[in-house]
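Let's take a walk through a protein together, starting with the whole chain and then stopping at a few places along the way. Keep the picture at hand as you read.

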Amino acid sequence: MNLQDFYDGRAFDAYEFFGAHIENKKVVFRTYAPQAREIFVIGEFNDWRGDKMIQEQSSGVWTFISDKAKEGMMYKYCIHGADGSVVDHCDPYGYRMELRPASASIITDLKKYKFSDSKWMQTRDKNYNKPLNIYEVHFGSWHTNAKDENGWYTYDEMADSLIKYVKENNFTHIEFMPLSEHPADCSWGYQNTGFYSPTSRYGTPLQLMKLIDKCHQADIGVILDFVMVHFAVDSYGLASYDGTFLYDLPRNDTGVSEWGTINFNHSRRETACFIQSCAMYWLKEYHFDGIRMDAISRAIYWMGDPARGVNDRAVEFIKTMNEGLQKRMPSAMLIAEDSTSYPKVTAPVEYDGLGFDYKWDLGWMNDTLEFFKVPPEYRPDHYYELVFSMQYFFSEHFILPFSHDEVVHSKATIIQKMWGDYEVKFPQARALFLYMFAHPGKKLNFMGNELAQFREWDEKREQDWDILKYPLHDSFHKYFAELSRLYVTQKALHQEEYSNYNFKWLVSEDPNRTVYIFEVGQGDEKIIAAFNLSANDYKEYEFFADSDCSLSELISSDYDIYSGTTQKGTQIIKRKYDESTDLTSLSIHLPAFTGILYKKIKA
């Protein structure tokens with residue numbers, strides 16, 4: 001690392017300089033604490049008594065070289081702060097930490113693992129014209145381990161079963177909720193203390209590398225949820241690191257987040273280097289294929305509130321970070337979780353954008369789920385809520401998310417949100433997910449969605465796998481896997497989807513019958529999606545297409561093999577072509593609460 005780049009906010013490799021590094025059979029410890037009065041490195045190699053670190057010419061960089069320290073030994077920095085405090089801190093750049101509630105860093109050599117995924121790394125891209133079907137996973141509660149006191153599998157222990165499941169359900173990528181070290185299980189990894197340390201709950205850094213390597217060899221991408229807005233309050237972490245607000249905003253009305261955490265000071269250049277180097281670290285050293293950046297709205301606006309105004313320094317930091325990551329890791333995906341209408345989030349920085357590749361479409365998610373909560377007789381009044389998404393869709397590169405946030409905190413799971421009693425919820429949920437997979441945009445689903453799980457997610461319990469013994473859940477699971485298969489194999493459902501030539505409404509003005517029909521795709525690759533979201537059965541629903549065509553049915557959410565009422569292959573489609581208008585009239589059967597996909601075939 002060039003130290004001047006670090007001071008100027010341009011470094012993306014700060015982790016190669018700071019931290020504990022094995023060099024010539026010695027360990028070099030470096031930390032940045034410009035206002036500290038004294039610093040001692042304490043650890044197993046000196047019986048925790050402390051070796052004094054030396055600051056290099058008022059640079060803020062403190063160094064100690066040990067010939068006794070070895071890989072696997074624990075250590076901390078005892079920092080005498082500018083405010084008179086004496087606090088033992090974990091290493092901000094440490095590669096590994098103890099299991100909570102312990103908090104020491106652990107000397108680690110990441111170079112010991114040799115990846116075998118060169119073919120994947122050389123050919124991967126951002127998936128703009130490929131299917132991107134993401135399975136969001138909380139590692140500790142996907143499956144639990146009865147042999148472990150906490151119920152956890154290690155990263156590599158779970159690799160084979162997770163990969164097999166993801167392949168069977170036709171997902172293309174796994175997105176892990178934050179894996180960086182955190183003190184509280186209930187924070188799900190969003191309140192970090194060890195930003196560069198994979199959580200020891202599930203094993204070692206090398207075991208995580210093995211998991212990612214195995215995923216790549218099975219043609220599965222891996223995305224990491226990355227927290228860049230705030231950090232945990234625990235005194236051994238980043239808070240008041242040198243006795244001043246080094247990483248943190250001052251404790252005013254913007255210094256503490258709504259979650260009780262401390263907000264990063266993105267305007268400080270050394271702090272900016274810490275965060276952007278951390279993003280680079282996960283992409284480069286662990287071969288993650290993308291990072292999903294959490295709570296971007298809280299960086300764009302002060303406290304996430306547009307009324308407080310734009311946080312110009314944080315926005316500038318995002319642009320600098322994303323531009324640097326795009327240049328250094330051009331095939332990795334940068335994804336924003338952003339609930340605002342701030343413009344050009346997914347436009348390149350050189351075109352005055354924020355430089356993300358994708359943005360979660362939280363507006364689509366909210367509108368869609370709110371619609372499906374409404375009783376059928378009132379849905380005509382809410383009809384245009386499902387039309388609205390396509391009015392803004394082409395402004396960004398959107399991912400459609402049904403994430404962990406929608407299945408916790410008394411919000412109810414996805415299927416539980418559906419109107420009606422137990423059995424009525426299933427046909428609506430089947431129609432909902434067909435709508436999701438047909439709608440333009442990449443897809444993300446949290447674990448359990450594919451099972452139609454009714455119990456809200458709890459990080460202390462594994463998914464309710466036993467519900468698959470019930471026919472409604474088992475058939476739903478098979479239906480979801482088939483939807484995923486169609487999405488990844490039918491080009492019309494994922495190619496050129498961000499082009500406005502790729503989508504056309506065929507029916508978007510029929511609120512009284514609550515029917516929607518649209519066409520996606522281009523050229524000879526076109527699919528028509530039809531939805532009846534009312535409680536009525538329409539035996540012959542007529543609509544018009546713009547060319548002489550016929551339809552081949554791909555899937556119906558009402559097939560009896562998925563616990564519906566329609567036998568596959570019995571649908572009769574009536575077709576009438578008018579040469580004078582070049583319009584084809586098509587008549588189809590639309591049962592209540594049903595979605596159907598058709599392949600459009602030129603007659």
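**A walk through the chain**

Glu496 is partly exposed, because its relative accessible area is 41%, and a value between 20% and 50% falls in that class. Keep in mind that you are looking at a predicted model. To find Glu496, look in the loop between α13 and β22 (503-507). Its phi is near 55 degrees, a positive value in a residue other than glycine. Why point that out? Most residues other than glycine have a negative phi.

Now step back and look at the whole chain. DSSP runs give 13 helices and 29 strands for the protein chain. The radius of gyration is 26 Å, close to the 25 Å that the globule rule gives for 603 residues, so the chain is as compact as a globular protein of that length. Along its principal axes, the C-alpha trace spans about 85 × 50 × 45 Å.

What does the inside look like? Of the 603 residues, 60% are buried.

Next, let's visit a pair of helices. Helix α12 (residues 422-438) and helix α13 (residues 471-489) pack at an angle of about 10 degrees, and their axes are 10 Å apart. An angle under 35 degrees counts as roughly parallel, and α12 and α13 are therefore roughly parallel to each other. Which residues meet where these helices touch? From α12 come Tyr422, Glu423, Phe426, Ala429, Arg430, Ala431, Phe433, Leu434 and Phe437, and they meet Leu472, His473, Phe476, Tyr479, Phe480, Leu483, Ser484 and Tyr487 in α13. The residues of this contact divide into 13 nonpolar, 2 polar and 2 charged.

The loop between β20 (398-402) and α11 (414-417) is our next stop, and Ser410 lies there. Is Ser410 buried or exposed? With a relative accessibility of 69%, Ser410 counts as exposed, because the cut-off for that class is over 50%. The phi of Ser410 is near 65 degrees, which is positive although the residue is not glycine.

His404 also has its place in the loop between β20 and α11. At 1% relative accessibility, His404 counts as buried, since buried means under 20%. Which residues does His404 touch, leaving aside its neighbours within four places in sequence? They are Glu136, Met177, Trp188, Tyr190, Arg292, Phe446 and Trp457.

Leu362 belongs to helix α9 (residues 362-373). With a relative accessible area of 12%, Leu362 is buried. Leu362 and Leu400 are 38 residues apart in sequence, and their C-alpha atoms are 7.5 Å apart in space. Not counting residues up to four places away in sequence, Leu362 touches Glu337, Asp338, Ser339 and Pro401.

We finish at a peptide bond. Most peptide bonds are trans. The bond from Arg100 to Pro101, however, is cis, with omega near 5 degrees. You can find Pro101 in the loop between β8 (86-89) and β9 (105-106).

Terms used: Residues numbered from 1 in each chain as written. Predicted model: local features only at pLDDT ≥ 70, side-chain atom pairs only at ≥ 80, totals over all residues. Heavy atoms only, no water. Axes fitted to C-alpha atoms, helices over the stretch in contact; angles between N-to-C directions. Helix = DSSP H or I, 4+ residues; strand = E, 2+ residues; numbered from the N terminus. Parallel < 35°, antiparallel > 145°, perpendicular 65-115°, else oblique. Contact = heavy atoms within 4.5 Å. Nonpolar A, V, L, I, M, F, W, Y, C, P; charged D, E, K, R; others polar. Rg over C-alpha atoms; globule rule 2.2 N^0.38 Å. Buried < 20%, exposed > 50% of the residue type's maximum accessible area, 1.4 Å probe, protein only.
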